[in-house]
Amino acid sequence: MRAEWIFSLYEEIPAPSLVVIGLPDVGLVGPIATSHLVKQWGLRNIGYVDSPSIPPVILFHESSPLLPIRVYGGYKGNDFVLVIHSDVAIPPQAIHELSSFLVSTLLEKKAGRLFLLGGIAVQDRLNIQTPKTYAASIDPEALKYARSKGIDPIQEGYIGGIYAQIIKEAFKNRLNVLALLAECFLNYPDPGASASTLQAFSKLTGKDVDVKQLIEQEEEIRLKLRELMKRTMESMKGTGKEYEYTIPALYV
Amino acid sequence: MRAEWIFSLYEEIPAPSLVVIGLPDVGLVGPIATSHLVKQWGLRNIGYVDSPSIPPVILFHESSPLLPIRVYGGYKGNDFVLVIHSDVAIPPQAIHELSSFLVSTLLEKKAGRLFLLGGIAVQDRLNIQTPKTYAASIDPEALKYARSKGIDPIQEGYIGGIYAQIIKEAFKNRLNVLALLAECFLNYPDPGASASTLQAFSKLTGKDVDVKQLIEQEEEIRLKLRELMKRTMESMKGTGKEYEYTIPALYV
Amino acid sequence: MRAEWIFSLYEEIPAPSLVVIGLPDVGLVGPIATSHLVKQWGLRNIGYVDSPSIPPVILFHESSPLLPIRVYGGYKGNDFVLVIHSDVAIPPQAIHELSSFLVSTLLEKKAGRLFLLGGIAVQDRLNIQTPKTYAASIDPEALKYARSKGIDPIQEGYIGGIYAQIIKEAFKNRLNVLALLAECFLNYPDPGASASTLQAFSKLTGKDVDVKQLIEQEEEIRLKLRELMKRTMESMKGTGKEYEYTIPALYV
Amino acid sequence: MRAEWIFSLYEEIPAPSLVVIGLPDVGLVGPIATSHLVKQWGLRNIGYVDSPSIPPVILFHESSPLLPIRVYGGYKGNDFVLVIHSDVAIPPQAIHELSSFLVSTLLEKKAGRLFLLGGIAVQDRLNIQTPKTYAASIDPEALKYARSKGIDPIQEGYIGGIYAQIIKEAFKNRLNVLALLAECFLNYPDPGASASTLQAFSKLTGKDVDVKQLIEQEEEIRLKLRELMKRTMESMKGTGKEYEYTIPALYV
Amino acid sequence: MRAEWIFSLYEEIPAPSLVVIGLPDVGLVGPIATSHLVKQWGLRNIGYVDSPSIPPVILFHESSPLLPIRVYGGYKGNDFVLVIHSDVAIPPQAIHELSSFLVSTLLEKKAGRLFLLGGIAVQDRLNIQTPKTYAASIDPEALKYARSKGIDPIQEGYIGGIYAQIIKEAFKNRLNVLALLAECFLNYPDPGASASTLQAFSKLTGKDVDVKQLIEQEEEIRLKLRELMKRTMESMKGTGKEYEYTIPALYV
């Protein structure tokens, strides 16, 4: 049975030129990046996404209450930017329904380009000073554009999890989507990887994002997010992530 | 599949100005508080809440039979007060359905303010003489009012479980709700915390509640409720409580 | 999904003045009692209750085939008596549906008083010569009547399992019900307790039941029913029985 | 959710006077017997039974492909005989649906008498030279007829599993059914028991079945069917078989 | 609940004379063979098969994104050839739905002959220089034709898994199907077996397939596909494969 999802906004918004999604996954790269972006660009909390599939939690930040999956918005230059940020891991059984819900909602809102900020776990992350960010999409045009801006597509292998599913849904429904996946730790929060995805995002959109703070506070952030990383790892079982170190039969 | 819930009253009631809910959770703070409140204010058992999701039990007290989730009511001054008290733990899979059922029922009954009495487990509870009670809500007005009466909102972090879900549902449906959560033991019944929530409730409503007996009988109560605490702990797994010691990504 | 239940009778019957139910639970008190009652009063097998929720078994007794949940009937004095007896444990997931099915069927048949024969496990059963039988119901009138005949209501605590659920359903639908629960062993068949419930039943209905044989053959019966007790214990997990040694919050 | 079952015939058939069912259960008595009967009487494969509840397998025999549950038919004297034989164990969750499907299909086909060939596990099977075959049914007439031909009904106790369920369904729908259950090993294929059920079947129908080969090849057959026995044991958990050594409460 | 399946093509295609399916199963024989065939014959990726039952993954190959179950097509001589290739294991619960979806889709597309490329695990594979390929089908004509071309049908025993189910569905819907199953390793990728199925396919269709490369790169391929083999083994539990070493009752 499909759970009912809602996308609720506190105010009317224009068609967003840019949408950025940050959901918990390897290295928590996505939500660290969107949380930072919201602060840097001064976006406002303008709504939320909810469903009975989401754990029954609410958050408090500086004594203000917040729903766990929030929508932020505001202008950056002439573009209205929409950010979808989650502070809870998405349960495996909700991946398909949330993916198709987000894609159909963004089409309704006449969204322009969609960016998914996230990571690809690499085993030698410790030895990587500046993590490289790769582009992932099924749309060859989007990948070509990324390459023209210096962001290489993923070369070989599987990507799994909710971003893979959003990419599939966007492809089927002709929504322009690009995942920006930085090399990251599997199960340590990785603000350095978040900084890399934001820099790639900046290159592709021509809009500044200052990531200095993310890199300076790397250790502190890592400690703080230990527990959320743990919840996220638990939710990642059986979501296709197990394919990520696998080589497909087509390579032979 | 949603189970069918019923809210059955033995008599007609006026629109309640105040509704108080006490459901088993950490430290059993809620039901200890509502049980005490019912006695102190001399409220009558005027109905019950039931569903196939609730374990098939009935209770006897002083040879009188009782359903496990009961509705109490009566006047306190000019206000009609409604109390919903449960002697059984709410199964995890019933959290979403019960939350939305309670909120929609209270809206139908034209309920005024809703108070959720409960606890927040703190690790050093043993060293706390007088547990502090925090306010939780998504409604900024409700939190502002609480602060004006000396009850601080939760500052940082997640709250999880059925109260978080009721707060979300109330917020979506514009029902005025405030959770009063006292510092408490995780898995020991905590009458001292119940006393604190009742004192906070008293401050916010301007109505007296004598909590002396709760504090005097603390040890005795703790022993008596050992088993109910055990049932409650079993039901708390996977209800979002695991987020309560977690720091969200937005803090970074 | 609710399984389909049927109540099938081989003959037309008058509205029964008395209905007696004996379902496997602690000490197998119920079915031992109804089996004995059927023999003592010479009732005939006049139908059966069935559903896909019931294990796929049939029984043979003295080379005659029998369905596992049977309906017996016949006159005792001027009263038509209906007995529902089960030789299989009721699976936990069938408790709610069977309870509401039985209550609605008995209302259709215009049944008079309903008696549930069963037990309450007590830890010191070994030291009890004559087990006491308690009355349980939500209807205060029924309990008052029981007390007037020397059968005390349960004083304090939870009762759980299918009888608790039948009592709840009967209460909601205004069917006159009284459970007669004798002190018994948890997981040994307890014919002595069955004898006690039958004596209480006799007091309340003014109809003789000779229980001498039950008491004489106690040891033999206990041995014979070892295996059925085992099946029943397996089916009792998660049916609210775990609440039976628990003290509710309202006691504090 | 009920899975869809189909009963597909490759040719039109007359109303069968005799139907014989052999499904894997204790000692694999049923399918060993029906497999032998089909060969002895030269019946043809005229159709199959199938459903998504059945494991996705097909069989090959002498290089010919076969569906796992097959229908055989042909004349024996003036009687058209239909045999339903399975080479796969019936999953527990399919027992209720297959039973009611088979009974309603056979009623549609205007089937005459239905025989279920199978076993009853006995603990001292090793010491039994010639296993005795018992008759089981809910229809007293069928049992009386069996006894008149020297086949005793089961005297006391439960029978469980798919045959018990088919007997119940046949009884409810007035289809003439008789199970012939030979004493057998629980978890060793038992061709000797199959021979006994076929001899009983022969007595009841007046039609010859030569079982010499079954008895001669007993050891060889037992070895061959080891693995199918294993699959069958796995499928028998939770199908009411656990009641078979149990004594009902009505015996007391 | 049946998940929704889609078969999406990027272009219109003629009725395919030949359809070849390669799904992960024992030895990964199928996808290794179809991957090779696509390269040898220069077929284009013309579409995909998808469903919420499939793990949420996408693939990248030479920096190009790919869906996990792909449709390839192109002309070989005068015949339009359609290949369905999967780089993800099919979850057990999806076997029935995918099988009937593929068969009904191919009927709609007016497909000609369907070939399933796969393996049969044999225990002494190590000692087999050139694995033999067997034909499997329920259609005697298809098997007769295979034998006429030197491909023997499977002689005795069960085959299980998704190909068995596709064969059943094709048989019920009169779609011409032949599985070509080469002797293979159970849980090592087996390009040698893939080569054998392709050679058998070549014999039956009269169309050349050069398999030299598969045999030369056997070791390398085996290493590369270790992980995909692991995913596939996990998905094979409970799909009827456990019957493959089993002897049916009809052999006795």
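This is a predicted model: local features need pLDDT of at least 70, side-chain atom pairs count only at pLDDT 80 or more; totals for chains, interfaces and linings use all residues.
Residues are numbered from 1 along each chain as its sequence is written, chains are lettered from A and ligands numbered from 1 in the order in which they are written, and side-chain values use heavy atoms, with hydrogens and water left out.

The side of chain A that touches chain B draws two or more residues from each of several elements, namely helix H1 (29-41), strand S3 (44-50), strand S4 (57-61), strand S5 (64-66), helix H7 (218-224) and helix H8 (226-236) of chain A; helices (H or I, at least four residues) and strands (E, at least two) are DSSP runs numbered from the N terminus. S4(A) gives the most to this side, with five residues. By residue class, the side of chain A that touches chain B divides into 23 nonpolar, five polar and eight charged residues, where Ala, Val, Leu, Ile, Met, Phe, Trp, Tyr, Cys and Pro count as nonpolar, Asp, Glu, Lys and Arg as charged, and the others, Gly among them, as polar.

In total, 36 residues of chain A are in contact (heavy atoms within 4.5 Å) with 35 residues of chain B. The area buried between chain A and chain B, that is, the accessible area (1.4 Å probe) that the two parts lose on being put together, summed over both, is about 3,100 Å², with carbon and sulfur atoms giving 63% of it. A:Pro56, A:Ile58 and A:Phe60 supply 25% of the area that chain A buries against chain B, more than any other three residues. S4(A) also pairs with strand S10 (residues 157-160) of chain B in the antiparallel sense over four bridges, two strands being paired if DSSP finds at least two bridges between them. Within this pairing, B:Tyr158 in S10(B) is the bridge partner of A:Leu59.

Side chains of opposite charge can pair when their charged atoms come close. Between chain A and chain B the count is two salt bridges, a salt bridge being a side-chain nitrogen of Lys or Arg within 4 Å of a carboxyl oxygen of Asp or Glu. A:Asp50 forms a salt bridge with B:Lys172, with the closest N and O atoms 2.6 Å apart. Within chain A, A:Lys172 forms a salt bridge with A:Glu169, where the closest N and O atoms are 3.7 Å apart; both residues lie in helix H4 (residues 162-172) of chain A, three residues apart, about one turn of the helix. Over all chains, the count by this rule comes to 65 salt bridges.

Chain B also meets chain C, with 35 residues of chain C in contact with 35 residues of chain B. The area buried between chain C and chain B is about 3,100 Å², of which carbon and sulfur atoms give 63%. Two salt bridges are counted between chain C and chain B, and C:Lys172 forms a salt bridge with B:Asp50, the closest N and O atoms being 2.7 Å apart. Across this interface the rule finds 14 residue pairs in polar contact, both residues at pLDDT 80 or more. At least two residues of the side of chain C that touches chain B come from each of helix H2 (95-108), helix H3 (140-148), strand S10 (157-160) and helix H4 (162-172) of chain C, and H4(C) provides the largest share, six residues. Strand S4 (residues 57-61) of chain B and S10(C) run antiparallel and are joined by four bridges, with B:Val57 standing opposite C:Gly160.

Chain C can be laid on chain B with an RMSD of 0.1 Å by a turn of 72 degrees and a shift of 0.1 Å along the axis, copies being superposed by least squares on the C-alpha atoms of residues with pLDDT of at least 70 in both. That is the relation of a five-fold axis. The copies use different surfaces, as 3% of the contact residues of chain C recur in chain B. Chain B and chain E do not touch, their nearest C-alpha atoms being 13 Å apart.

How values were computed: A polar contact is a pair of N or O atoms within 3.5 Å; within protein, one must be able to donate a hydrogen and the other to accept it, and residues adjacent in sequence count only if both atoms are side-chain atoms.
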